[in-house]
Amino acid sequence: ADRPRAHLIIVHGLGEHCGRYQNYADYFVPRGYSVHGADARGHGRSGGKRGYVERFDQYVTDVKQRVAHIRSVDAATPVFVLGHSLGSLITLKFGLDHPADSRGIIVTGTALRDALVMPRWKRRVATMLSNVTPALKIDNGVLTQYLSHDPAVIAAFDTDPLNHHWGTPRLATEAEKVRVDLYGRAGEWSVPLLMLHGGADRVC
């Protein structure tokens, strides 16, 4: 087969899985792109406790390994990484820490700040629980009607057995550390970046 124009790696959002991005494959593959995805640990068909990660860098390492595998098979074709919501944090951290590993970064529904306001006391409790019971399953607080204005999209999310609504204290504190890191090191950014965000996003 002809070499693809580029490889596109999908990094999905919290509580979902890469199978929800079939529309990306349907669009890009006929146009000559190769689309890749894998469920993050604790999500979809991957192992691990739902909504839990010990260290955020484990997500980043998983993306780096995925890029390395693609490059081991096809080193001549550019690689782009696209992350949505939680996946946007993973993708931005990947781009910041490993700028030479992709041709460009794309993020949607970027989770640099929550649209859902969390009181300061809840953040303090999350930090305490992260140290005491880091894998405690807690509802992530995201209402599915906030995910889309399309009822069919909402229904598809609600009826998908691979989706979940869980977060954990450790994931919350690790994500917050990454946000601080991204803002603090923004001046180091060197990778071409496309950031797309809905003006009515009620989650991020």
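Student: What volume does the second largest pocket have?

Tutor: The second largest pocket has a volume of about 150 Å³, where a pocket is an open set of points on a 1 Å grid over the protein atoms alone, with protein on both sides within 12 Å along at least five of seven lines. The volume is the space filled by probe spheres set on the points, which are joined across faces, edges and corners. Please keep in mind that this is a predicted model, in which local features need pLDDT of at least 70 and side-chain atom pairs count only at pLDDT 80 or more, while totals for chains, interfaces and linings use all residues. Residues are numbered from 1 along each chain as its sequence is written, and side-chain values use heavy atoms, with hydrogens and water left out.

Student: Which residues line the second largest pocket?

Tutor: Its lining, meaning residues with an atom within 4 Å of a point, consists of Leu-92, Leu-96, Leu-112, Leu-182, Tyr-183, Ala-186, Trp-189, Leu-193 and Met-195. The elements that give two or more residues to this lining are α3 (86-97), α6 (169-184) and β7 (193-196), with helices (H or I, at least four residues) and strands (E, at least two) taken as DSSP runs numbered from the N terminus.

Student: And how many of those are nonpolar, polar or charged?

Tutor: The lining of the second largest pocket divides into 9 nonpolar residues, no polar and no charged. Here Ala, Val, Leu, Ile, Met, Phe, Trp, Tyr, Cys and Pro count as nonpolar, Asp, Glu, Lys and Arg as charged, and the others, Gly among them, as polar.

Student: Trp-189 is on that list, so where does Trp-189 lie?

Tutor: Trp-189 lies in the loop between α6 and β7, and it counts as partly exposed because its relative accessible area is 24%, given that buried means under 20%, exposed over 50% and partly exposed in between, with a 1.4 Å probe and protein chains only. Not counting residues up to four places away in sequence, Trp-189 touches Leu-92, Gly-95, Leu-96 and Ile-105, where contact means heavy atoms within 4.5 Å. Trp-189 and Arg-170 are 19 residues apart in sequence, and their C-alpha atoms are 26 Å apart in space.

Student: OK, new topic: how many cavities of 30 Å³ or more are there?

Tutor: The count comes to 1 cavity of 30 Å³ or more, a cavity being a set of grid points where a 1.4 Å probe fits but cannot get out. The largest cavity has a volume of about 60 Å³, and it is lined by Val-11, Ala-38, Ala-40, Tyr-59, Asp-62, Val-63, Arg-66 and Ile-90.

Student: Which element gives the largest share of that lining?

Tutor: Helix α2 (residues 56-73) gives the largest share, with 4 residues. Taken as a whole, the lining of the largest cavity divides into 6 nonpolar residues, no polar and 2 charged.

Student: Can we zoom out? What pattern does the chain follow along the sequence?

Tutor: Read along the sequence, the chain follows β-α-β-α-β-α-β-α-β-α-β-α-β, and its secondary structure comes to 6 helices and 7 strands. Of the 204 residues, 42% count as buried, and among contacts between residues at least 6 apart in sequence, 75% join residues at least 24 apart.

Student: Why does the radius of gyration agree with a compact globule?

Tutor: It agrees because a compact globule with 204 residues would have a radius of gyration near 17 Å, and the chain has 17 Å. That radius is taken over C-alpha atoms, and the globule rule is 2.2 Å times the number of residues to the power 0.38.

Student: Now His-84, where is its place?

Tutor: His-84 is in strand β3 (residues 79-84), and with 28% relative accessibility it counts as partly exposed. Leaving out residues up to four places away in sequence, His-84 touches Val-11, His-12, Gly-13, Glu-16, Tyr-21, Thr-108 and Gly-109.

Student: And Ser-85, buried or exposed?

Tutor: Ser-85 counts as buried, at 15% relative accessibility, and its place is in the loop between β3 and α3. Phi of Ser-85 is near 55°, a positive value in a residue other than glycine.

Student: Last one: what is Thr-144 in contact with?

Tutor: Leaving aside its neighbours within four places in sequence, Thr-144 is in contact with Ile-154, Phe-157, Asp-158 and His-165. Thr-144 sits in the loop between β5 (138-139) and α5 (151-159), and it is buried, with a relative accessible area of 11%.
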